[in-house]
Amino acid sequence: VTEKDWDDVWLSEGFATYFTLLVAEHHEGRDAFVAGLKRSRDTVFTLERENPGVAVLHDNLADMKKVLNRIIYQKGGWTLHMLRRHMGTERFWDGIRDYYARYRDASATTADFRQVMEAHAGQDLAWFFTQWLARPGSPVVEGGWRYDATTRRVVIDLAQTQQGDAYRLPIDVGVTVDGITRIE
């Protein structure tokens with residue numbers, strides 16, 4: 001499968017990046033996969049600071065010298081990882097297999113990929129694809145926590161501080177009590 005248009009080049013390069021990490025996980029273990037994701041994340045944040053306004057999807061790109069940039073590779077790969085988490089692993093892989101079966105030896109667009117993944121997710125994913133592929137930048141989350149003795153609860157205050165609208169994103173919080181950590 002290749003992209004129909006250079007605007008969707010992430011369909012090749014983001015997939016290549018993510019699948020390389022999956023191969024590393026298969027051969028070297030989960031730690032190698034996680035380390036690769038962390039390197040990609042750090043690269044995305046650095047590139048976004050150096051290239052503000054650059055999204056994964058191009059918008060009728062005129063200068064072909066700008067077709068490939070590392071945001072396409074690294075953030076494209078991360079987008080697939082986040083999509084997998086959002087959909088669930090089984091539905092994600094069903095969608096990936098379906099996508100490759102439908103478009104084998106052919107070309108596809110991001111809209112084509114989205115349509116296949118929506119069918120397997122059982123939900124509209126327009127917001128997800130717009131947020132992570134068409135929108136430049138990444139969320140910035142700041143916050144803190146305190147213990148409320150009256151209610152005997154930990155209170156967490158978080159705020160997104162990036163420019164523009166808030167992102168939709170899950171946030172896992174690790175709570176450690178007596179040396180035992182649980183994820184909420």
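**Exercises on helix α4**

Helix α4 covers residues 89-103, and at 1.5 Å a residue its 15 residues should span 21 Å; the end C-alpha atoms lie 21 Å apart, which agrees. The expected span is 1.5 Å times one less than the number of residues. Helices (H or I, at least four residues) and strands (E, at least two) are DSSP runs, numbered from the N terminus.

This is a predicted model: local features need pLDDT of at least 70, side-chain atom pairs count only at pLDDT 80 or more, and totals for chains, interfaces and linings use all residues. Residues are numbered from 1 along each chain as its sequence is written, and side-chain values use heavy atoms, without hydrogens and water.

**Exercise 1.** Find which residues of α4 are buried, and where they sit around the axis.

*Solution.*
- Step 1: F92, G95, I96, D98, Y99 and Y103 are buried (under 20% relative accessible area; exposed is over 50%, partly exposed in between; 1.4 Å probe, protein chains only).
- Step 2: They cover an arc of only 165° around the axis, so they lie on the same side of α4. The arc is taken from the directions from helix axis to C-beta atoms.
- Step 3: An α-helix has 3.6 residues a turn, so residues three or four places apart point the same way.
- Step 4: The face turned away from the buried side carries exposed E90, R97 and A101.

**Exercise 2.** Identify what the buried residues of α4 pack against.

*Solution.*
- Step 1: The partners are α1 (10-28), α3 (70-87), β2 (107-108) and α5 (110-121).
- Step 2: Contact means heavy atoms within 4.5 Å.

**Exercise 3.** State what phi D105 has, after α4.

*Solution.* D105 follows α4 with a positive phi, near 60°.
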